[in-house]
Amino acid sequence: MKAKHVCLSRVLILFGLLLLLAACQEPPPEPTPEEIVQQAVARLTTTAGFHFNVDLSGAPAALDPTGTIAFRTAVGDFAAPDKAQAAVRAAAFGLITDISVVSIGQDQWQTNILTKKWEQLPPNWGFNPGALFDAAAGLPAILTADLTNAVLSGREKLEGGPSQELYVITGQVAGERLAAISGGLIGPQAVEVTLWIAPDTYDIIRIVVNEPEPDSEEGASVWQLDFSAYDQEVTIPPPV
């Protein structure tokens, strides 16, 4: 009987030591902002596709060389490696109009704002979502090569976003490559960026781009890009 009590005491002591050891262990350190962005870029370039929303507030950005068509919003889908489709809302001649856009590789089409018929566009002209998300020269390449002064500001929940808290990373991005992939809509000056990234999957949930304050009554241009439906598979054929 005495031996049983001794054995039980040893078990309780061992259990207590294990609890004490677990309590003393520090939680694993947060990854660096560079490591988080690197994982997020890898996620963005390996997914089969995703849904995106782009919203512009503040100073307008012209979709055409004459400056008569101003970008407002875009909602669409990206299919790896180089296909995208979007419904673009724009302002033209004092009216709000909707334009459909399809990009496949280097080819890009959009509907005419007057006739609503499909037209093939010149390269590097207008809003090209395929170029925006291109792995070699688009957003993944920009976050890899052009992001500087990255800081992990902590974690927070996004209103209307996932229930979990997201990594919040701030930094600056050189504007030359942004200007090239956006058809001149963003840049070429350096911009301030904030990224919200899911800690478990490294999905980029939101990116906000703040351009420098222009000489305009509308204020600075603020671009908000929201991402969802990662790994979705979408068929995007060329328009007829």
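A polar contact is a pair of N or O atoms within 3.5 Å; within protein, one of the two must be able to donate a hydrogen and the other to accept it. In the predicted model described here, a contact of this kind, at 3.2 Å, joins the side chains of Thr97 and Lys116. Thr97 is found in strand S5, which spans residues 95-104. With a relative accessible area of 13%, Thr97 falls under the 20% limit and is therefore buried. When residues up to four places away in sequence are not counted, Thr97 touches Val88, Arg89, Ala90, Ala92, Ile113 and Lys116. The C-alpha atoms of Thr97 and Leu114 are 9.4 Å apart in space, at a distance of 17 residues in sequence.

The protein chain has five helices and twelve strands. Of its 240 residues, 42% are buried. The accessible surface of the chain comes to about 13,300 Å², and carbon and sulfur atoms account for 57% of this area. Among contacts with a separation of 6 or more, 50% are between residues 24 or more positions apart.

Strand S3 (residues 69-79) is mostly covered, with eight of its eleven residues buried. S3 runs antiparallel to S1, to which it is joined by seven bridges. Within this pairing, Asp55 stands opposite Thr73 of S3. Strand S2 (residues 61-62) is also antiparallel to S3, and two bridges join them. Ala62 has Ala70 of S3 as its bridge partner. The hairpin of S2 and S3 has six residues between the strands, and in this hairpin Gly67 takes a positive phi near 80°. Ten bridges connect S3 with strand S4 (residues 83-92), again in an antiparallel arrangement. In this pairing Ala70 stands opposite Ala91 of S4. The hairpin that joins S3 to S4 passes through three residues.

Strand S9 (residues 166-173) has six of its eight residues buried and is therefore largely enclosed by the rest of the structure. Seven bridges join S9 to strand S8 (residues 147-156), and the two run antiparallel. Ile169 in S9 is the bridge partner of Leu152. S9 is also joined by seven bridges to strand S10 (residues 191-197), likewise antiparallel. Here Gln172 stands opposite Glu192 of S10.

The aromatic side chains were examined next. Nine aromatic pairs are counted when ring centres must lie within 6.5 Å. In one of them, the rings of Phe50 and Tyr230 have centres 5.9 Å apart and planes at 40°, so the pair is tilted. Phe50 lies in strand S1 (residues 49-57) and Tyr230 in the segment after strand S12 (222-228), so this pair ties together parts that are 180 residues apart in sequence. Phe50 is buried, with a relative accessible area of 1%. Tyr230 is buried as well, at 14%. Both residues belong to one aromatic cluster, formed by Phe50, Phe52, Phe78, Phe133, Phe227 and Tyr230.

Terms used: Residues are numbered from 1 along each chain as its sequence is written. This is a predicted model: local features need pLDDT of at least 70, side-chain atom pairs count only at pLDDT 80 or more; totals for chains, interfaces and linings use all residues. Side-chain values use heavy atoms; hydrogens and water are left out. Buried means under 20% relative accessible area, exposed over 50%, partly exposed in between (1.4 Å probe, protein chains only). Helices (H or I, at least four residues) and strands (E, at least two) are DSSP runs, numbered from the N terminus. Two strands pair if DSSP finds at least two bridges between them. Rings of Phe, Tyr and Trp (its six-membered ring) pair if their centres lie within 6.5 Å; planes under 30 degrees apart count as stacked, over 60 as edge-to-face and the rest as tilted. Contact means heavy atoms within 4.5 Å. Accessible areas come from the Shrake-Rupley method with a 1.4 Å probe; for residues, only the protein chains shown count as cover.
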